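Biologist: I'm new to reading protein models. Could you walk me through this one, feature by feature?

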Amino acid sequence: MNGKLYWKNRLPFLLTNLVCMIALTVFLFVIGNSLSAVLLILIAWIVIVSVGLGFTYWKRKRQMQRLLDMTGQLSERYLISEVMELPEQAEDQVYYRILKMAGKSMLEQISEVKRERLEYKEYIEQWIHEIKTPITAMKLLCENHRTDWTKELLLELEKTNRFTEQALYYARSEHTEKDYSVREMALSNVVHQAIADNKYLLLQNGVHLKVEEMQDTVYSDEKWVRFILNQLIANAVKYRSEQPVLHFPPAGSRIR
Amino acid sequence: MKQKIFIIEDDPLIRNELNTLLQSNGYETAAPELFSNVIDRIKAEQPHLILLDIKLPGTSGFSLCTQIRTFSDVPIIFVTSCNTDMDELNSIMLGGDAFITKPYNMAILLAKIASLLKRAYPAQQNEQLTYGGAILHLESSSLEYEGQRVELTKNELKILYYLFRNAGKICSRGDIVEFLWDNQLYVDDNALSVNINRIREKLAGIGLKDFIKTKHRQGYTL
């Protein structure tokens, strides 16, 4: 709490006191009181008012500081109105009510927005599942009725599939704990799968593949590893040099 | 004897194309369009393997699988566009043998079918192909001609396998390379030429000349 401002606010009260003190002093002198009696009254007045004001200031300052600290500690600060106690001062109680009303309306807004976002995400996930059927159909058509342009189409389908996978995993990445299941999986399986997913991309770009024997199994989530490998392969092709070589060395080293 | 595969899939286009794909790979197929009496048809036709879509109108692939398992141990491959783990777990627990997500990788689908069939029916494997007097032995990875045999490497075996399967037709270099990639043999164009030449040398060694003909700018053929 801003001390200077607090005392500035008290100025009218202090001035009133000062004016009364002066009036009383004049009056006492006029009706014939001695200087010492007047001084005694004045000093007593000043002391009582000072102590009273000082105590009030100290108490108020502490109360405000407590509130500020409480708010500072909350991670969701807009919940302060739920956490703090009902204040004692009448004006404070009005502010408290206002705080509560504002907080409530904001909470409603937030949960509305959250709900909308969840609905939209579920729609996207559903859409991605649905789109896989026509992609599969197109792939099958191309494989079964090969002509001179089916390879190009299959390449584009690979791209399409990659984008839908990206969207799916982006949507799922926000709550991976529900989607992640660690199991034992053969490294070679997931590597060959990832290569197969990008077959046309690699062939089209003349990438030379060096895949070593991989006997190891690891513990991880196969879907996610496959997704990551797909991204790595796609990026490797995008930022390739003249004679691109994709090297999958056995366990312990990284994919170059 | 051809092996029969039963396709249970509700999307008509995919169903037809799967049909074509499997038939062109030497399998006999049956693909019902309505699913009300699918169980009876399975009992009647006794397929060697079933491709089962999880999402079907009116019924679920899982419940069908459970029903099938009451009377048969036929290998079942689940296909689906969902790939949540619940689905995968369910399919394993209900007795499915494998699980493939859409969009299928054709080569992987065919490979899984082949390996499941091999496991389930070990006796019935078609282990050799013949053409022009030459016998390609898949199990022993060798080629036989007039009593003489020559050993083949993995690459050479796969290349010859592809040529034998498309015997008489022109196989473009691109198609052969793609076929090898589908079998996890990642050769490039140069390596293909090298392999073809090596095969030719080996064949010449057992008296088989001009077996693989080069069609200028188009590819190779037997």
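Predicted model: local features only at pLDDT ≥ 70, side-chain atom pairs only at ≥ 80, totals over all residues.

Biologist: Which residues of chain A does the UniProt annotation "transmembrane region" cover?

Modeller: The record, an unreviewed entry, puts that label on residues 12-31 and 37-58 of chain A. Now look at the model there. Residues 12-31 of chain A are 95% helix and 0% strand, with end C-alpha atoms 28 Å apart. Residues 37-58 of chain A come out as 100% helix and 0% strand, and their end C-alpha atoms are 31 Å apart.

Biologist: Over to chain B. At what angle do helix α7 and helix α8 of chain B pack?

Modeller: The general idea is to compare the directions of the two axes. Here the angle is about 95°, with the axes 10 Å apart. Angles of 65 to 115 degrees count as roughly perpendicular, so that's what we call α7(B) and α8(B).

Biologist: And which residues in α7(B) and α8(B) meet?

Modeller: From α7(B) you get B:Arg173, B:Ile176, B:Val177 and B:Leu180; from α8(B), B:Asp189, B:Leu192 and B:Ser193. The residues of this contact split into four nonpolar, one polar and two charged.

Biologist: Which residues are buried in α7(B)?

Modeller: B:Ile176, B:Val177, B:Glu178, B:Phe179, B:Leu180 and B:Trp181. After α7(B) comes B:Gln184, with a positive phi near 65°.

How values were computed: Residues numbered from 1 in each chain as written. Chains lettered and ligands numbered in written order. Heavy atoms only, no water. Axes fitted to C-alpha atoms, helices over the stretch in contact; angles between N-to-C directions. Helix = DSSP H or I, 4+ residues; strand = E, 2+ residues; numbered from the N terminus. Parallel < 35°, antiparallel > 145°, perpendicular 65-115°, else oblique. Contact = heavy atoms within 4.5 Å. Nonpolar A, V, L, I, M, F, W, Y, C, P; charged D, E, K, R; others polar. UniProt positions renumbered as here; feature names shortened; annotations may be inferred. Buried < 20%, exposed > 50% of the residue type's maximum accessible area, 1.4 Å probe, protein only.
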